[in-house]
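Hello,

Here is the structure you will be working with. Please open it and keep it beside this email while you read.

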Amino acid sequence: MAPSDFENELHQLLSADADADISLSSPRQNLGASSSSHQSAPDPISSHSTTPNAQASVPTNGTRQSHSRNSSLGLKEELSSDWYVEGPGRRVGYDNLTAIDWIYEYTKERQRLRRLAALNSGLLGQLRQLFEVSQIWLVLVATGISVGCVAAGINIASDWLSDIKTGYCKKGTGGGQFYLNKQFCCWGHDDLSQCQDWTPWPAALGIHVAGGQYVISYMFFIGFAVLFAVSAGVLVQKYSIYARHSGIPEIKTVLGGFVIRRFFGGWTLLAKSLGLCLSVSSGMWLGKEGPCVHLACCCANIIMKPFESLSHNEARKREVLSAAAASGISVAFGAPIGGVLFSLEQLSYYFPDKTMWQSFVCAMVAAVTLQAINPFHTGKIALYQVTYTTIWHSFEIVPFVLLGITGGLFGGMFIKLNMLVTRIRKSQSYWLREKPLHEVLVVAAISALVNFPNTFMRAQLSELVYYLFAECATIGNNDIFGLCKATTGGALSMLWLLIAASVLGFLLASITFGLQIPAGIILPSLAIGALYGRSAGVVMELIHKHFSTSFVFAACEPDVPCVIPGTYAIVGAASALAGVTRMTVSIVAIVFELTGALTYVLPIMIAVMLAKWIGDACSTRGIYESWIQINEYPYLDNKDDAAIPQVSVSGIMTRVEDMTCLNGNQAYSVEKLRKILRTTSFRGFPVVAFKHLAEDPASVPTSFLPSPRENTFLGYISRTELSFALDRVTTSGVSSRNSPPITPQTPCYFNYHADIISGHGVDLRPWMDQTPITLNANSSLQLAVHMFQNLGLRYLLFVDKGAFRGILTKKDVWWILSAAEDGRRRDEFVAGSGVLRGDDEDDDGRDEARGLLQQDGAFEQLVAPT
């Protein structure tokens, strides 16, 4: 071939299918699209197509003659095709609740960049490439700004709604307005008791008797708490079921390569934003930090939709979502660095260096935006940001170690209790299983009844954490909890209240996390840890007060506070959060950014380390991993070091004898393929070349038929691609030139056949993955699991000397590993039977949704088409 001919061939190959969309989120979106192929190649499915692009790609007789200088060269050019025809195959997107193909997505992105560089030369081309590169940064900056605005709105609304439970701001001489919360209504007053414009509800009703004031305040507190909680539940049930819970287990699953449609949609963003304001204001033991991560991902998903290079590539989309998750933690804690580390340590499945830089930019922009809005008018991003100026002493290592151990025990017990409550909720005998709003009402009422009598539990958790963290010197006259009582009797009474609040908070948080409302667990964990940490600080302060001359306190300076109870609250909060979530580095960074106490990093690290060790000894999984497990999300952690059964994969895989394989040596009519789709529930079909028979297989006795194991492996075609390909050719109303129309009897081929060239057959090769990842059937299960974890595979095919032997899917591997750890599933798993996905599979893929839907029975809401 001449150099000029070669260059033309290369240019045509790079420019092939430039307008095609091969990664749509829904197959229906691709019905009107067609792929342009090489000039002399027929339509990828057949030569029958009705779309304008497809008609343009059909070669005319003149074109075919000009390229057919001889039969061999003409045939070679006829079979030239796009990069995915003889590779991973053309894709039409992913079904809901299925796994993505990481390798395919990144291969597609590399090809897009190569095509972009080849087709864009000169100044305009350079500008277009610059725009392509800058798209992700535009999305990240816009996401950071939107997340900061959403967080500011949630902070302002939740603060006002929280204060409305105790009173309102009347219009008066002090400049009060009804829309002001207590802080702004009493702005400028060092002592809140001197504020004239803030009016408690008993005073508004003209009740001056102490007993009557307490009862009225109690009733308003319960009434508003129940109203807010039930309203949040209504938003979830009516507008978006995905707005419930914290969303972090689902985000981990999505970032791990799972598709959950509408989880990051606009209705989810709206319902969760409003619902989060209401649920936080109800005073229940829940937080907004985890849901803020979900809201940040929703903002990123909506903003990136116009940019097809991001929204149409599932791998790049997950990189953006990882960066957006960091901004959620950034605005929740005012900790941009902690947000990046949180995304890296807790959420992301694949986190390259470029994603860390993108996460940092997004988190920084979100923090700057929230700082500019300044919702608290204090210059702080988080309400409970404090500053420490003192140092710790060596004798305090002992109580810090005890706090770390306590945090690990608390985390282990909390996870076990919460999982017990969740299993009860999922059981058929639970009387509120089908009444989520009634359950929210009951728990909200119980929480309000328990919270109000205890001063520490009555306040909002963010306000409580701030006062527990703060030094007495910085509180001044606003010691609303009496934390700085100087007398021994006052300290002891406060100590019992702190302990009671931590125990009751532990119980309430364990039943609240899992309700059908937006609810996080990070802030409740911090509050409970701060309560028992402050208790330890009060005890140490009393010991120092009565034994100040002991050699233990020799390092203390006279006339200077030696024991600061607030620092114990910080260490206790960090240990509790580590025990519940099993995070380490990110917690230390978040706490450091919250307090600015560089000198306390070492005690915090010690407490976090011990809490994680003790927590791992109590339960192997953190709270988010436990929820992933109990909801049966197919998440394979690539950092997981769980024990893998030492068995051969041949005894576990779904064998070829148990599958429906498509024979590449024979033609299938359109009707026959549709019948296979109707009568089987497999998510895909291996394509093999069975041993050739000289006569019709139907006329051969069964005893003389060749074994299914006697085959040559050709490739794999998924159910989605096969169904879409058949729909596309059968819905073509007009046939192409000189070709007969498509009928139910039109033959379809998975291998080369003359009918494809003549236009009398349907070519399904472009929709077949001809280069799937394969492994020898005699390999160990451990090797197969590592391939799934490190390569992000959807399925792994097993061959032996070129013959197909079996398959494992991502859900199969998840089920095997779960069965190895969970005794409740061991009886359901039968090694070697190939039945690893249960017996309830159906043609709609509802087996994929089994774990996601079994919680509420809200099947139609979750699987409704987008």
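**The chain as a whole**

The model is predicted. Its confidence score, pLDDT, averages 80 over the chain, and 80% of the residues score at least 70. One is residues 1-85, which has 163 contacts in the model beyond near neighbours in sequence. The other is residues 829-866, with 85 such contacts. Where pLDDT is low, the predicted coordinates should not be read in detail.

The secondary structure amounts to 35 helices and 12 strands. The chain has 866 residues, and 57% of them count as buried.

**The disulfides**

A disulfide is a covalent bond between the sulfur atoms of two cysteines. How many disulfides does the count come to? The count is three.

Cys-169 and Cys-185 are joined by a disulfide with an S to S distance of 2.1 Å. The torsion about their S-S bond is about 80°, so this disulfide is right-handed. Cys-169 belongs to strand β1 (residues 167-169) and Cys-185 to helix α7 (residues 182-185), so the link ties together parts that are 16 residues apart in sequence. Both of these cysteines, Cys-169 and Cys-185, are buried.

Another disulfide is formed by Cys-472 and Cys-484, whose sulfur atoms are 2.2 Å apart. The link of Cys-472 and Cys-484 has -100° about the S-S bond and is left-handed. Cys-472 is in helix α21 (residues 472-475), while Cys-484 is in the loop between α21 and α22 (488-512), so this pair ties together parts that are 12 residues apart in sequence. Are these two cysteines buried or partly exposed? Cys-472 is partly exposed, at a relative accessible area of 32%, and Cys-484 is partly exposed as well, at 27%.

Cys-556 and Cys-562 also form a disulfide, with their sulfur atoms 1.7 Å apart. The torsion about the S-S bond of Cys-556 and Cys-562 is about -45°, so the disulfide is left-handed. Cys-556 and Cys-562 are both buried.

**Cysteines in no disulfide**

Cys-149 is in no disulfide: the nearest cysteine sulfur is that of Cys-299, 9.2 Å away. A disulfide needs the two sulfur atoms within 2.5 Å, so that distance rules the pair out. Cys-149 counts as partly exposed, at 40% relative accessibility.

Cys-298 is in no disulfide either; for this residue too the nearest cysteine sulfur is that of Cys-299, at 7.0 Å. Cys-298 is buried, with a relative accessible area of 1%.

**Helix α25**

Why is helix α25 (residues 585-595) largely enclosed by the rest of the structure? Eight of its 11 residues are buried, so the helix has the rest of the structure around it. The buried residues are Ser-586, Ile-587, Val-588, Ala-589, Ile-590, Val-591, Leu-594 and Thr-595. What do the buried residues of α25 pack against? They pack against α14 (314-333), α15 (336-347), α24 (565-581) and α26 (601-618). Just after α25 comes Gly-596, which takes a positive phi of about 70°.

**Strand β12**

Strand β12 (residues 803-809) has seven of its seven residues buried, so it is largely enclosed by the rest of the structure. In a regular strand the side chains alternate between the two faces of the sheet.

Strand β12 pairs with β11 (residues 795-800) in the antiparallel sense, over six bridges. In this pairing, Val-799 stands opposite Phe-804 of β12. Strands β11 and β12 form a hairpin with two residues between them, and Lys-801 in the turn has a positive phi of about 55°.

Strand β12 also pairs with β3 (residues 654-655), again in the antiparallel sense, over two bridges. Here Thr-654 has Ile-807 of β12 as its bridge partner.

Regards

Note on methods. Residues numbered from 1 in each chain as written. Heavy atoms only, no water. Helix = DSSP H or I, 4+ residues; strand = E, 2+ residues; numbered from the N terminus. Buried < 20%, exposed > 50% of the residue type's maximum accessible area, 1.4 Å probe, protein only. Contact = heavy atoms within 4.5 Å. pLDDT = per-residue confidence, 0-100. Pairing = 2+ DSSP bridges.
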